[in-house]
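Work through the exercises below with the sequence and the coordinates at hand. Each task is followed by a stepwise solution.

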Amino acid sequence: MYSKLKNKVLYCVFLCMCACESTETQPVTIHDTSLRTDGDVQALKNFFYMIPSPMETSILIKKTGVDYHYDFLNAPDNYKHYQTTNQKAINLGVYCADLCYATLFDQQQDLRFYISSAKKLAEDLGVMDAFDSQMIDRVEYNLEERDSMLKIVSEIYWIADAHLKESENATVSSLMMYGGFIETLYLASNLYSLDKSNQALAQVIADQVYALYNLNALLKKTSEIDPKTQQTVEHTHELLEIYRSFKTQSENPEAVVLDSSNQLLIKGENQIQMTQSDFMALFEKIVAIRDNIVS
Amino acid sequence: MNFSLRTFLAFFCFSSLFTILCGFTSLDCFDKRHNQTNIHPYLHNGQINPTELNAQNTTSTMVSFYKGQSYRISPSSEVQSNVYFELVDPETKTLLYTSKDQKHPHLDVRFESSRILQVDLKSNDNNKDVCATLHVGFLPNE
């Protein structure tokens with residue numbers, strides 16, 4: 001009971017810190033997220049950060065025409081090596097990313113392995129809802145229906161995140177996102193190293209700077225609650241430093257209504273160019289970080 | 001001296017109780033995840049941050065979007081008409097879109113380039129606090 005109350009108080013403090021701290025200056029398109037004034041009222045705000053799910057990024061990676069490479073993924077039986085809560089949380093994100101990749105390429109056997117490994121870590125973390133028997137039945141029943149599987153795997157990720165936040169475990173949720181992001185960037189970088197003429201994939205890798213920026217900000221907040229997560233801040237900061245050397249050109253966004261169906265187009269070019277030496281620096285760093293978290 | 005100690009203890013108890021109650025009040029919103037039906041046929045991006053809103057309290061979420069991808073941004077609350085959202089360029093603070101008084105509560109949006117935008121979730125209700133959640137989905141098959 002005391003622990004639960006303590007968690008609630010810590011969470012309250014976490015929310016207050018989110019509300020009070022303005023974000024520091026960074027390059028690319030984001031320079032300041034200080035509060036915006038509405039009329040005479042300076043609104044009290046809570047700040048959150050959203051990054052694309054591993055499924056969303058994996059879909060973009062697949063669209064670039066890459067093939068399936070099982071050897072780039074984390075071995076399903078590695079789950080046995082993860083002892084601490086933070087290791088389990090990060091590698092739950094890693095397995096979720098591998099699960100998304102296997103699902104997109106209709107690798108049913110691998111998909112089963114990754115569901116099983118992710119389920120074991122989720123159980124240890126108390127996120128049983130995401131992998132309950134009903135969900136596993138749905139996986140088995142829809143294994144050959146890729147569209148249904150995309151929905152189910154996305155739902156697993158959503159339920160895990162919602163359950164963690166509901167149980168006041170935002171730290172584990174942040175670490176899961178970190179693991180998912182690192183694994184997806186690792187995967188994309190390895191695939192690009194096989195075919196450096198794939199410009200679409202180079203663009204997907206370069207565009208990860210936006211998700212990385214949000215992830216770094218999220219992890220900074222998390223590390224204030226749990227100092228043991230400081231290494232994740234350092235890792236994402238090191239990656240951001242590499243991205244800062246990329247050549248960028250940006251225009252302010254402009255909203256254009258496309259038609260009467262309430263669809264909007266956000267115009268404005270944001271160019272990020274990744275040279276081969278940029279990529280090699282990024283590749284070296286992401287391999288080192290990823291090896292560190294899955295070993 | 002006794003009076004001071006009693007005053008201090010009373011203040012301490014009150015402060016602690018207030019903090020704990022604040023925690024419970026905020027966390028109540030986590031029990032109200034609300035439905036994601038407005039997201040369909042888009043796939044949910046997997047992250048929610050249920051929050052308590054009132055006329056003075058806005059939630060800002062920094063969301064990263066990919067070039068060429070279609071997204072649906074949808075707020076949800078116990079009473080849908082209680083909440084709306086605004087799309088803001090975080091760099092210039094330019095308001096790009098507001099769902100206030102729009103026909104649809106959600107917005108379908110595409111991006112010419114990958115970028116981060118700020119999505120502010122706001123309440124229409126001046127009289128009471130409402131629990132609200134921002135949902136972002138993407139189209140898997142384009």
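The exercises begin with conventions and confidence and then turn to individual elements and residues.

This is a predicted model, in which local features need pLDDT of at least 70 and side-chain atom pairs count only at pLDDT 80 or more, while totals for chains, interfaces and linings use all residues. Residues are numbered from 1 along each chain as its sequence is written, chains are lettered from A and ligands numbered from 1 in the order in which they are written, and side-chain values use heavy atoms, with hydrogens and water left out.

**Exercise 1. Confidence**

Task: State the confidence of the complex and of chain B, and identify the stretch of chain B where pLDDT is below 50.

Solution.
1. The predictor assigns the complex an ipTM of 0.81 and a pTM of 0.82.
2. pLDDT is the predictor's confidence in each residue, from 0 to 100. Its mean over chain B is 79, and 73% of the residues of chain B reach 70 or more.
3. The stretch is residues 17–27 of chain B, where pLDDT is below 50; in the model it has 15 contacts (heavy atoms within 4.5 Å) beyond near neighbours in sequence.
4. Where pLDDT is low, predicted coordinates should not be read in detail.

**Exercise 2. Helix 3 of chain A and the residue after it**

Task: Compare the span of helix 3 of chain A with the expected value, and describe the backbone and exposure of Asp106(A).

Solution.
1. Helices (H or I, at least four residues) and strands (E, at least two) are DSSP runs, numbered from the N terminus. Helix 3 of chain A covers residues 85–104, 20 residues in total.
2. The expected span is 1.5 Å times one less than the number of residues. From first C-alpha to last, helix 3 of chain A reaches 29 Å, close to the expected 28 Å.
3. Buried means under 20% relative accessible area, exposed over 50%, and partly exposed in between (1.4 Å probe, protein chains only). Because 18 of its 20 residues are buried, helix 3 of chain A is largely enclosed by the rest of the structure.
4. Asp106(A) follows this helix, in the loop between helix 3 and helix 4 (108–125) of chain A. Its phi is near 55 degrees, a positive value in a residue other than glycine.
5. With a relative accessible area of 44%, Asp106(A) is partly exposed.

**Exercise 3. Aromatic pairs**

Task: Classify the pairs Phe279(A)–Phe283(A) and Phe65(B)–Tyr71(B).

Solution.
1. Rings of Phe, Tyr and Trp (its six-membered ring) pair if their centres lie within 6.5 Å; planes under 30 degrees apart count as stacked, over 60 as edge-to-face and the rest as tilted. The count by this rule is 11 aromatic pairs over all chains.
2. The rings of Phe279(A) and Phe283(A) have centres 5.3 Å apart and planes at 15 degrees, so this pair is stacked. Both residues lie in helix 10 (residues 276–294) of chain A, 4 residues apart, about one turn of the helix, and both are buried.
3. The pair of Phe65(B) and Tyr71(B) is edge-to-face, at 4.9 Å centre to centre and 80 degrees between the planes. Phe65(B) is buried at 1% relative accessibility, and Tyr71(B) is buried with a relative accessible area of 1%.

**Exercise 4. The largest nonpolar core**

Task: Name the residues that touch the most other members of this core, and list the contacts of Leu87(B).

Solution.
1. A nonpolar core is a set of buried Ala, Val, Leu, Ile, Met, Phe, Trp, Tyr and Cys residues joined through side-chain atoms within 4.5 Å. The largest has 119 residues, and those touching the most other members are Met55(A), Leu201(A), Ile205(A), Met274(A) and Leu87(B).
2. Helix 8 (residues 199–225) of chain A gives the largest share of this core, 14 residues.
3. Leaving aside neighbours within four places in sequence, Leu87(B) contacts residues including Leu264(A), Ile266(A), Ile73(B), Leu107(B) and Val119(B).

**Exercise 5. Loops of chain B**

Task: Describe the fold pattern of chain B, and characterise Pro41(B) and Asp101(B).

Solution.
1. Chain B has 1 helix and 9 strands, in the sequence pattern α-β-β-β-β-β-β-β-β-β.
2. The peptide bond from His40(B) to Pro41(B) is cis, with omega near 10 degrees. Pro41(B) is in the loop between helix 1 (2–28) and strand 1 (43–44) of chain B.
3. Asp101(B), which is not a glycine, has a positive phi of about 65 degrees. It lies in the loop between strand 6 (95–98) and strand 7 (107–111) of chain B, and at 76% relative accessibility it counts as exposed.
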